[in-house]
Structure formats: structure tokens, C-alpha cells
Amino acid sequence: MAATSSCNFNWGVNGKGTPEQPCSSSKSSQILFSSNLSFCYSNIRYCLSLRSHQTLLSTRFNETKNSAFVVASAKADPLKIMISGAPASGKGTQCELITKKYGLVHIAAGDLLRAEIASGSENGKRAKEYMEKGQLVPNEIVVMMVKERLLLPDSQENGWLLDGYPRSLVQATALKEFGFQPDLFILLEVNEEILVERVVGRRLDPVTGKIYHLKYSPPETEEIAARLTQRFDDTEEKVKLRLQTHHQNVEAVLLMYEDITLKVNGNVPKEDVFAQIDGALTKLHEDRKLI
């Protein structure tokens with residue numbers, strides 16, 4: 001990642017003469033450093049202090065006598081995570097737990113699409129036609145929305161959790177060409193009969209946006225139950241089409257991320273699912289701090 005850095009240099013000479021005038025420079029550079037340095041020239045030792053914070057690197061030189069050290073402190077790059085799985089595999093629940101603990105920006109391609117559909121835009125109308133057939137929405141509709149969201153300041157500063165995208169090798173390739181490479185690709189694996197049951201019983205509260213399930217997570221009150229709606233693609237017929245499409249594409253996507261893929265057993269309770277993910281993310285986060 002290119003970053004703007006500013007440097008201020010103050011040089012002093014031990015002995016006769018006057019210090020040279022300070023100079024400054026501004027340039028674009030790659031911020032990658034993790035080393036301890038010291039140097040001595042003509043029996044004069046210098047102190048070099050480096051401080052960085054992601055995209056800012058400031059450097060200051062000061063003369064010291066008979067001492068030399070470097071202090072370097074750098075904030076680790078934010079995590080970049082992808083999570084994938086069939087419809088109703090539990091991605092939403094796990095994303096909530098992940099973002100709560102790690103502070104990543106949750107970006108759901110499905111939510112971006114539904115926002116377009118709700119707006120009644122031309123792209124939204126086209127997307128709805130494909131979704132009603134259980135087919136993937138064309139890349140030209142989705143990829144630009146995802147790209148723009150990943151480039152927003154909060155995603156760049158805090159890291160991101162991309163939910164449900166990419167769903168095909170073409171989409172994964174497009175992200176790679178745009179420079180988006182995850183640190184970890186999480187795949188939730190759930191038996192198909194469980195997935196169908198989860199989808200058919202799923203309901204949405206249009207007021208709060210909360211997802212309920214008629215069997216596993218029923219609404220708290222009759223008032224909430226009365227206003228719940230079922231998404232147009234949450235029928236048994238459509239979910240089976242979506243599962244078929246998912247299975248056809250997931251293996252191709254895994255080829256792109258096979259070296260960083262974490263396969264998680266999603267048939268167990270959500271706490272146990274998160275424990276598997278949390279262990280991997282904790283290790284990744286700790287390793288990143290040591291670099």
C-alpha cells in the first residue's frame with residue numbers, strides 16, 4: 001500500500017562550527033519495517049527515532065553523545081477476512097461475533113444487493129430477477145459496489161470482514177485484480193438438510209432488521225411475530241436452487257484461497273462454531289503483532 005510520509009531532519013555537530021539547517025521532505029513510500037538500527041560516524045553517535053501509524057511515517061534525527069539507539073513502533077496492519085458458506089450456514093451470526101470482538105467492518109454483499117433492490121434502482125431490478133431464479137447476480141452489478149465499500153476509510157483503518165463474497169472464481173479474480181487479498185478465508189460447512197430447515201423457517205423483522213427463526217429463535221412478543229416477513233428467496237424451492245449454485249462455485253473459489261482457508265464445522269451450536277474461528281483469528285492477530 002502506498003502511503004504519504006513526512007520526514008524532518010535535525011543534524012548537529014559535536015565540536016566546532018554551527019549546526020546545519022534543518023531540512024524536510026515529503027514523498028510516497030512503502031511502510032514495511034521491523035528492525036533495530038544504530039550507527040556511528042566520525043566518533044559521533046546519532047539517535048534515530050521512528051514512529052509510524054499505518055499510513056504516516058515520521059522520522060527525526062538528533063545527535064547524542066556516546067549513545068545510539070532506535071525506537072520503532074508500528075501499528076500492525078488491520079485484519080482482512082472473508083467468510084463464506086451456503087445460505088443459512090450461520091455467516092450472519094458469526095460475523096456479528098467476529099466484529100464485536102475484533103472491530104472489523106462487516107460488509108455483506110447480500111445486504112448491498114438488497115439495498116439496491118429496495119431502492120428500486122435499475123441494478124436492483126436486474127438483481128432481483130436473477131435472485132428469484134436462484135442464480136448469481138452478474139458481476140458487473142456487484143463487484144463495483146463491493147470494491148467501493150472496501151475502499152472507504154473505515155474499512156481501510158479498521159480492517160474488514162467480507163460476508164458472502166466472492167461466490168465464484170470470476171469474482172475472486174476481480175477482487176485480486178483490484179488488490180484485495182484476505183488474510184484468512186473462512187468456510188462454514190453445514191449439512192444440506194439442516195440448511196433447508198434453517199432457511200424455510202427464517203423470518204425478518206422489517207422494523208429492526210433482526211432475523212428470527214420460527215423454531216430455533218422465535219420472536220419475543222406477539223406484536224413482533226405479527227409483522228415478521230419472509231424473504232422472497234427463502235422458500236424451499238429457491239433455497240435448493242441456491243444451494244446447487246453454491247456447491248458448483250465454492251470449489252473454484254477455494255482454489256484461489258486454498259493456502260489460507262479455514263474449514264469450520266457449522267453443524268454445532270454457534271458458540272462452538274465461533275470458538276473454532278476465534279482461535280484462528282487470535283493466532284493470526286498475535287502473529288501480526290510480532291512482525
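Some ground rules before the structure. Residues are numbered from 1 along each chain as its sequence is written, and side-chain values use heavy atoms, with hydrogens and water left out. Because the model is predicted, local features need pLDDT of at least 70 and side-chain atom pairs count only at pLDDT 80 or more, while totals for chains, interfaces and linings use all residues.

I will start with the sheet. Helices (H or I, at least four residues) and strands (E, at least two) are DSSP runs, numbered from the N terminus. Five strands make an open sheet in the order 8-9-7-10-13, with parallel pairing. Two strands pair if DSSP finds at least two bridges between them. Which strands stand at the edges? They are strand 8 and strand 13 (261-265), each with a single partner strand, so one side of each has no neighbour in the sheet. On average, neighbouring strands here are turned by 20° against each other, direction ignored. For angles, axes are lines fitted to C-alpha atoms, for helices over the stretch in contact, and the values run from 0 to 180 degrees between N-to-C directions.

Strand 10 and strand 13 pair in the parallel sense over five bridges. If you want a place to look, Leu 188 stands opposite Val 264 in strand 13.

Now the helices on this sheet. Helix 9 packs on the sheet and touches strand 7 (80-85), strand 10 and strand 13. The direction of helix 9 makes about 150° with that of strand 10. Helix 2 lies across strand 8 and strand 9, running at about 60° to strand 8.

Helix 2 covers residues 109-119, and its buried residues are Ala 109, Gly 110, Leu 113 and Ile 117. Buried means under 20% relative accessible area, exposed over 50%, and partly exposed in between, with a 1.4 Å probe and protein chains only. Why do these residues line one face of the helix? Seen down the axis of helix 2, the buried residues fall within an arc of 100°, so they sit along one face. The arc is that of the directions from the helix axis to the C-beta atoms. As a reminder, an α-helix has 3.6 residues a turn, so residues three or four places apart point the same way.

The buried residues of helix 2 pack against strand 8 (105-108), helix 3 (122-132), helix 4 (139-150) and strand 9 (160-163). Contact means heavy atoms within 4.5 Å. The face turned away from the buried side carries Ala 118 and Ser 119, which are exposed. After helix 2 comes Gly 120, with a positive phi near 75°.

Next, the cores. A nonpolar core is a set of buried Ala, Val, Leu, Ile, Met, Phe, Trp, Tyr and Cys residues joined through side-chain atoms within 4.5 Å. The largest has 28 residues, and Val 146, Leu 162, Tyr 165 and Leu 175 have the most contacts inside it. Elements that each supply at least two residues of this core include helix 6 (169-177), strand 10 (184-189) and helix 9. Helix 4 gives the most, with six residues. Leaving aside neighbours within four places in sequence, Val 146 is in contact with Ala 109, Leu 112, Leu 162, Tyr 165 and Leu 175. There is also a second, separate core of 16 residues, including Ile 83, Ile 98, Val 264 and Ile 277.

Last, the charges. The structure holds 14 salt bridges. A salt bridge is a side-chain nitrogen of Lys or Arg within 4 Å of a carboxyl oxygen of Asp or Glu. Which residues are linked in a network of salt bridges? They are Arg 202, Arg 231, Asp 233, Asp 234 and Arg 242.

Arg 231 meets Asp 233 at 3.4 Å, N to O. Arg 231 also bridges to Asp 234, with the closest N and O atoms 3.8 Å apart. Asp 234 forms a salt bridge with Arg 242 too, where the closest N and O atoms are 3.4 Å apart.

Are Asp 233 and Asp 234 buried or exposed? Asp 233 is buried, at 4% relative accessible area, and Asp 234 counts as buried at 1%. Asp 233 lies in the loop between helix 8 (222-227) and helix 9. Arg 242 lies in helix 9 (residues 236-257) and is buried, at 15%.
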